[in-house]
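Subject: The structure to look through

Hi there,

Here is the structure I wanted to pass on to you. Please open it beside this email and read along.

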Amino acid sequence: MSVPLIEVRGVTKHFVKRLDLAGKIARRLGADVDEEVVHAVDAVDLAVRPGEVVGLAGESGCGKSTLGRMMAGILPPTDGEILFEGIAASEMSGAQRRAATLAVQMIFQDPFASLNPRLRVEQIIGEAPLVHGLVDRGGLSDYVDDIMRNVRLDPALKRRYPHQFSGGQRQRIGIARALAVRPRFLVCDEAIASLDVSIQAQVLNLFMDLREEFDLTYLFISHDLSVVEHIADRVVIMYLGRIVESAPTEQLFSAPRHPYTQALLADVPRLDQRKHDFSPVAGEIPSPLDPPPGCHFHPRCPHAMPICRTQQPVLREIAPGAFSACHLDGNSGT
Amino acid sequence: MSVPADSAPGAPEIGVETPFQRFRAEFFESWIAAFALGLLGLIVVLALLAPWITPQNPYDLGQVDVLDGKLPPGSRAYTGYTMWLGSDGAGRDLYSAILYGLRISISVGVASGVIALVIGSTIGLIAAYAGGRVETVVMRLVDLQLSFPAALIALMLVAVMGRGIDKIIIALVAAQWAYYARTVRASALVESAKEYVEAARCLGLGHARIVFRHILPNCMAPLIVVGTVQTAHAIALEATLSFLGVGLRQTEPSLGVLIANGFEYMMSGRYWISFFPGIALLLTIVSINLVGDQLRDVLNPRLKK
């Protein structure tokens with residue numbers, strides 16, 4: 001198998017809320033206060049092959065955005081390694097690190113907050129390529145025009161400010177900004193969730209066209225399973241900071257292995273199941289401040305066994321290319 | 001290449017109203033603010049034109065005659081012109097002295113305001129962006145400084161350094177940078193949590209570029225408001241220090257020095273020596289503050305209708 005374009009090994013992210021002075025004194029005096037640690041991502045392994053579109057799905061708060069931000073290099077992991085083309089970030093030379101930084105770009109959820117309101121579109125798109133010497137000042141204007149045409153924006157609009165655009169256009173500007181540094185891997189964090197449904201389809205199609213044109217690889221983060229099913233080659237399901245299942249899209253949607261995936265899929269409205277009685281996944285998602293021991297899903301799992309409460313199931317290959325982390329080992333009734 | 005999609009729906013027309021035009025319209029909604037801005041403009045123009053529209057240069061001792069001292073408003077000076085606002089104890093024409101004093105007061109206020117703004121906002125930005133220990137140390141320093149009255153800090157510094165415009169400016173900057181640092185840090189914290197800063201980091205842009213090109217321009221609104229109000233403060237502070245006798249020299253009187261000079265004559269009926277410079281100072285500070293208040297209302301998104 002080829003070297004993965006990007007790979008995370010045992011990556012963990014904890015957000016620690018440090019004790020303030022009063023808290024420290026209270027602890028010294030024997031009070032029962034501790035630093036609050038949010039286990040956002042818990043020892044996750046994930047490899048993305050070149051050209052692949054990986055969908056990352058899960059309920060809100062499961063750590064999918066945090067994982068995406070670590071892969072995009074915005075958040076440093078608490079523990080674990082991120083490898084780009086087989087080289088760990090810690091072992092890279094300066095030039096390699098810069099190349100890897102530019103090769104991995106991110107598309108953000110909020111097309112309003114993700115564009116600097118004080119800069120013109122041409123500055124938003126052109127700044128990074130100019131700084132990194134991908135284009136000189138003389139060629140900048142044409143370069144920006146090209147990039148704007150690539151995302152189906154009219155280059156005549158490049159002197160405008162972001163507030164003069166609609167949501168769909170802003171998201172295109174965000175995509176253009178990422179494309180301008182010639183990335184190879186795009187992390188799309190709920191990139192279409194805040195758009196109108198009609199615009200969502202356009203932007204999704206744009207992503208697919210760009211994949212062809214620029215030979216891109218995607219990590220597509222979404223809570224919307226129908227979007228993931230539409231765009232992804234392989235789907236990874238996260239629950240409370242851990243990957244619970246990973247399988248080729250068709251296989252995952254036709255024969256989900258993990259009880260959590262099964263519960264999630266049962267909630268997706270389908271045309272062929274109109275009379276289906278929806279039963280949401282029972283119970284609340286537990287707090288990542290204090291995750292349950294053993295399998296994180298056991299308090300809500302219909303098949304929970306005694307072992308689930310004590311031992312964490314590992315991600316195991318149960319069919320070619322399909323992984324699941326469950327003590328039932330994929331033998332649960334589908 | 002396909003036709004640019006979704007450029008037709010929802011694309012706002014440009015040229016209808018630029019942000020600056022909207023800002024201007026909102027600013028002039030209040031006639032008080034419009035009046036204050038006009039008054040401030042008049043004061044600044046008068047101060048700038050002082051050498052050409054005054055009968056006397058009060059700094060030129062050759063033009064000042066002690067025999068003209070303490071004349072009431074409307075008297076004729078020995079040198080021939082009418083002193084419409086009277087003269088002070090040294091024989092300076094008060095109308096001329098006030099305009100020259102305004103020059104000094106305004107330039108001291110603006111210079112210290114600008115320097116404090118640059119220093120304070122740089123420190124505030126760095127604190128907000130760096131976070132952690134740097135932020136804690138800087139902001140505790142700011143708290144410490146703000147727990148003293150600004151006048152006290154400036155007074156101590158001037159007492160140590162001595163008189164002169166440069167020293168006054170240093171003292172005022174030292175007394176005021178903390179306001180800017182606190183303001184900028186607060187809005188920089190909000191801005192640096194936004195996704196466009198993450199995007200800039202993801203694009204591999206340098207820290208200095210992110211801080212000064214991306215975060216700072218988005219913190220300008222509160223900075224402008226604080227800058228205006230603090231400039232008025234600086235002018236008042238300079239007048240206070242000069243009034244207390246530790247500010248500027250007697251030979252180059254600012255408004256504060258003029259007020260101090262006339263103070264001893266207040267009880268003897270020669271009110272005009274302190275009164276007219278006081279009015280000039282009052283009008284300057286009040287008009288700057290009114291402009292600053294209106295700026296705050298217009299630039300504060302929470303008060304937007």
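A:E85 is found in the loop between β4 (79–84) and β5 (87–88) of chain A; helices (H or I, at least four residues) and strands (E, at least two) are DSSP runs, numbered from the N terminus. The model is a predicted one, where local features need pLDDT of at least 70, side-chain atom pairs count only at pLDDT 80 or more, and totals for chains, interfaces and linings use all residues.

A:E85 is not a glycine, yet its phi is positive, about 50 degrees. Most residues other than glycine have a negative phi. A:E85 is partly exposed, with a relative accessible area of 40% (buried means under 20% relative accessible area, exposed over 50%, partly exposed in between, with a 1.4 Å probe and protein chains only).

A:R152 also has a positive phi, near 60 degrees, and is a residue other than glycine. Look for A:R152 in the loop between α5 (137–150) and α6 (167–179) of chain A. Is A:R152 buried or exposed? A:R152 is buried, with a relative accessible area of 10%.

One more loop residue is A:T78, between α2 and β4 of chain A. A:T78 is partly exposed, at a relative accessible area of 45%. Apart from its neighbours within four places in sequence, A:T78 is in contact with A:T12, A:K13 and A:H14 (contact means heavy atoms within 4.5 Å).

Now the second largest pocket. On a 1 Å grid over the protein atoms alone, a pocket is an open set of points where a 1.4 Å probe fits, with protein on both sides within 12 Å along at least five of seven lines; lining residues have an atom within 4 Å of a point. This pocket holds about 550 Å³ of space, a volume being the space filled by probe spheres set on the points, which are joined across faces, edges and corners. Its lining has 26 residues, and A:M70, A:G73, A:A89, A:R97 and A:T101 lie nearest its centre. Which elements each supply at least two residues of the lining? They are α2 (64–71), β4 (79–84) and α3 (94–103) of chain A, together with α8 (195–202) of chain B. By class, the lining has 16 nonpolar, 6 polar and 4 charged residues (Ala, Val, Leu, Ile, Met, Phe, Trp, Tyr, Cys and Pro count as nonpolar, Asp, Glu, Lys and Arg as charged, and the others, Gly among them, as polar).

- Chain A has 11 helices and 12 strands, and buried residues make up 51% of its 334 residues.
- The C-alpha atoms of chain A fill a box of roughly 70 × 60 × 40 Å along the principal axes.
- Chain B has 12 helices and 2 strands, and 45% of its 305 residues count as buried.
- The C-alpha trace of chain B spans about 85 × 50 × 30 Å along its principal axes.

Happy exploring!

How values were computed. Residues numbered from 1 in each chain as written. Chains lettered and ligands numbered in written order. Heavy atoms only, no water.
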